[in-house]
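Student: Can you walk me through this one? Surface first, then the strands.
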Amino acid sequence: YVRFHLISPLIQQSAENIVLFDTFVNILSHNLGEPAYEADVAQLEYKLVAGEHGLVIRVKGFNHKLPLLFQLIIDYLSNFSFTPAVFEMITEQLKKTYFNILIKPETLAKDVRLLILEHGRWSMIDKYQTLMKGLSVESLASFVKAFKSQLFVEGLVQGNFTS
């Protein structure tokens, strides 16, 4: 089991940054779909999670091939690229995701409660409105560059691994 948390103070600075971060993580997951398929067949699991303060990369499975999968994810992260068509597709999916969260009373109530309790939190309504105003391909590219330049990393490795 390998878990790394890539933390950046940039994410919580604005609602737009949070939406750009969600877009970035979704595009990264989309880009990894085909190359990581063989790892999935080989019973290796990975998950990319857009956390509140950064990207969580979780990888688990048989230890002898786990570093290869983790390296693949890191390579795609460091050489991040996307097409405008993929950008459009992911932003449309995010609009639906945000809207579905907003129409469920229990998730909206949780979001409002956390907004009251946590300092500097952006509401789902803020994120949805930001996304509806529109994002540009250029803003995502500059966000990703800034995100990669301001990272703090926490890691955990468990299991049959040598130091």
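Tutor: Patches first: they join residues with over 30% relative accessible area and no salt bridge, like charges within 9 Å, nonpolar side chains (Val, Leu, Ile, Met, Phe, Trp, Tyr) within 5 Å. A salt bridge is a side-chain nitrogen of Lys or Arg within 4 Å of a carboxyl oxygen of Asp or Glu. Accessible areas use Shrake-Rupley with a 1.4 Å probe; for residues, only the protein chains shown count as cover.
Tutor: This is a predicted model: local features need pLDDT of at least 70, side-chain atom pairs 80 or more, while totals for chains, interfaces and linings use all residues. Numbering starts from 1 along each chain as its sequence is written, and side-chain values use heavy atoms, without hydrogens or water.
Student: Which residues make the nonpolar surface patch?
Tutor: Val112, Ile116 and Leu117, with about 330 Å².
Student: Is Ile116 buried or exposed?
Tutor: Exposed, at 67% relative accessible area. The cut-offs: buried is under 20%, exposed over 50%, partly exposed in between. Ile116 sits in helix H5, residues 105–117. Helices (H or I, at least four residues) and strands (E, at least two) are DSSP runs, numbered from the N terminus.
Student: Now strands. How many residues of E3 are buried?
Tutor: Five of the seven in E3, residues 54–60.
Student: What does E3 pair with in the antiparallel sense?
Tutor: E1 (residues 2–7), over six bridges, and E2 (residues 45–50), over six bridges. Pairing takes at least two DSSP bridges. Leu6 partners Leu55 in E3; Val49 stands opposite Val56.
Student: What do E2 and E3 form?
Tutor: A hairpin, with three residues between them.

Note on methods
Buried means under 20% relative accessible area, exposed over 50%, partly exposed in between (1.4 Å probe, protein chains only).
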